[in-house]
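Welcome! Take a moment to look it over before reading on.

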Amino acid sequence: MTVKILQFGTTGQLATELTRQAATHDVALTALSRADCDLADPAACARAVASHRPDLVIIAAAYTAVDLAETERDLARTVNALAPAAIAGACQAAGAALVNVSTDYVFDGAGGAPYAEEAEPHPLNVYGATKLEGERLVAAACARSLSIRTSWVVSAHGKNFVKTMLRVAAAGNPLKVVDDQSGRPTSAADLAGFILGQAPRLAAAKTGDPAFGLLHFANSGEVTWKGFAEAIFAEALGDKAPVVGGQKTADYVTPARRPLRATMDLGRLQAVFGVTPRPWQAALSEILAELKAG
Ligand SMILES: NC(=O)c1ccc[n+]([C@@H]2O[C@H](COP(=O)([O-])OP(=O)(O)OC[C@H]3O[C@@H](n4cnc5c(N)ncnc54)[C@H](OP(=O)(O)O)[C@@H]3O)[C@@H](O)[C@H]2O)c1
């Protein structure tokens with residue numbers, strides 16, 4: 001059965017990959033841009049679900065400006081918590097399943113990593129707090145919902161660390177990258193492929209199915225931002241790779257605090273869905289090849 005999907009978001013990394021890959025899955029996907037439906041208007045989002053009558057809704061848009069969220073708290077909360085809550089309520093009423101996307105920044109990274117889904121969250125910043133509230137409101141409003149926490153999302157398009165590092169290196173300036181924060185990079189393409197691959201199961205699953213609830217998804221392996229930058233340069237620039245200096249988080253002051261190690265455990269992904277993500281290095285190679293091919 002073709003799964004009828006309604007997706008919020010068209011331009012972001014994940015939204016772009018979902019739209020690109022939809023043709024290779026048995027899904028009929030309608031994606032709404034910000035102009036079609038602004039997540040700053042939760043009631044409009046709920047109406048969109050009610051009028052489209054989808055089997056599955058994917059929230060692929062979010063307020064992702066981690067530092068700006070510190071000063072735009074209300075907007076971040078509306079987009080990341082209140083809109084997903086309204087969408088979840090509409091999904092429950094329409095009998096649709098829901099995939100909401102969250103973040104490793106629900107954890108403070110102060111100890112206990114790799115964090116399992118049931119580990120106690122404690123966000124250090126407004127962005128993480130709004131995403132955590134979103135997870136909780138979604139779970140309360142829609143029994144057939146899955147909130148997928150992901151981390152360090154990268155792809156060949158949009159704004160992300162891979163593209164930023166290549167741009168900075170091209171400018172030829174000396175580079176210093178944080179070397180005391182570590183995590184798991186995640187290919188937006190791999191996450192999109194996972195969501196679309198699970199769409200038939202999620203659309204058909206009944207309340208109480210283990211497919212619903214909370215899930216951690218990232219590529220396997222772990223690296224610091226500095227190590228990630230070095231891997232990007234080694235593969236993309238070879239012997240022209242710049243030397244990367246290290247920097248401590250404490251010396252790199254940003255409006256939002258970030259966890260030192262919010263690395264997520266991926267055991268539930270394997271146990272419930274039988275999926276073991278490929279190593280982040282393989283995903284990075286694919287992204288760099290796509291960038292090189294233009
Ligand atoms: N990026 C990461 O490293 C990371 C890490 C952990 C978790 N996540 C989560 O993963 C998910 C996907 O992230 P991503 O990297 O694909 O995001 P992204 O590339 O930053 O894109 C965010 C998208 O949200 C849209 N958006 C923002 N405000 C909106 C609004 N008021 N109404 C409608 N659309 C709005 C943007 O649309 P416009 O183009 O119109 O601005 C854009 O398409 C998000 O839930 C994010 O929180 C991301």
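A residue counts as buried when its relative accessible area is under 20%, and as exposed when that area is over 50%. Keep in mind that this is a predicted model.

## A first stop: Ala156

With that cut-off in hand, look at Ala156: its relative accessibility is 14%, so Ala156 counts as buried. You will find Ala156 in the loop between strand S6 (153-154) and helix H5 (161-171). Which residues does Ala156 touch, leaving aside its neighbours within four places in sequence? The contacts are Lys163, Ile287, Glu290 and Leu291. Ser187 is 31 residues away from Ala156 in sequence, and the C-alpha atoms of the two are 9.3 Å apart in space.

## The protein as a whole

Stepping back, the protein contains 9 helices and 12 strands. Its C-alpha atoms fill a box of roughly 55 × 40 × 35 Å along the principal axes. For 294 residues, a compact globule would have a radius of gyration near 19 Å, and the protein agrees with this because its own value is 19 Å. Of the 294 residues, 50% count as buried. The accessible surface comes to about 12600 Å², and 54% of it belongs to carbon and sulfur atoms. Take the contacts between residues at least 6 apart in sequence: 81% of them join residues at least 24 apart.

## Around the ligand

Now for the ligand. There are 22 residues around it, and those that come nearest are Thr11, Arg34, Asp38, Thr64 and Tyr127. By type, the residues of this shell divide into 11 nonpolar, 8 polar and 3 charged. Helix H1 (13-21), strand S4 (97-103) and helix H4 (126-141) each supply at least two residues of the shell. The largest share, 3 residues, comes from S4.

| Residue | Protein atom | Distance to a ligand oxygen atom |
|---|---|---|
| Tyr127 | polar side-chain atom | 2.6 Å |
| Ala62 | polar backbone atom | 3.1 Å |
| Val101 | backbone N or O atom | 3.2 Å |

Taken alone, the ligand exposes 910 Å², and the protein buries 81% of that.

## Helix H1

The buried residues are Gln13, Leu14, Ala15, Thr16, Glu17, Leu18 and Gln21. What covers them includes strand S1 (3-8), strand S2 (27-32) and strand S3 (56-59), along with S4, S6 and helix H6 (188-204).

## Backbone details in the loops

A few loop positions deserve a look too. Arg53 sits in the loop between helix H2 (42-52) and S3. Although Arg53 is not a glycine, it has a positive phi of about 50°. Is Arg53 buried or exposed? Its relative accessible area is 51%, so Arg53 is exposed.

Trp152, in the loop between strand S5 (145-150) and S6, is not a glycine either, yet it has a positive phi of about 45°. With a relative accessible area of 9%, Trp152 is buried.

Finally, the loop between S4 and H4 holds Pro114. The peptide bond leading from Ala113 to Pro114 is cis, with omega near 0°.

Technical notes
Residues are numbered from 1 along each chain as its sequence is written. This is a predicted model: local features need pLDDT of at least 70, side-chain atom pairs count only at pLDDT 80 or more; totals for chains, interfaces and linings use all residues. Side-chain values use heavy atoms; hydrogens and water are left out. A residue is near a molecule or strand if one of its heavy atoms lies within 4 Å of it. A polar contact is a pair of N or O atoms within 3.5 Å; within protein, one must be able to donate a hydrogen and the other to accept it, and residues adjacent in sequence count only if both atoms are side-chain atoms. Accessible areas come from the Shrake-Rupley method with a 1.4 Å probe; for residues, only the protein chains shown count as cover. Helices (H or I, at least four residues) and strands (E, at least two) are DSSP runs, numbered from the N terminus. Ala, Val, Leu, Ile, Met, Phe, Trp, Tyr, Cys and Pro count as nonpolar, Asp, Glu, Lys and Arg as charged, and the others, Gly among them, as polar. The radius of gyration is taken over C-alpha atoms; the globule rule is 2.2 Å times the number of residues to the power 0.38. Buried means under 20% relative accessible area, exposed over 50%, partly exposed in between (1.4 Å probe, protein chains only). Contact means heavy atoms within 4.5 Å.
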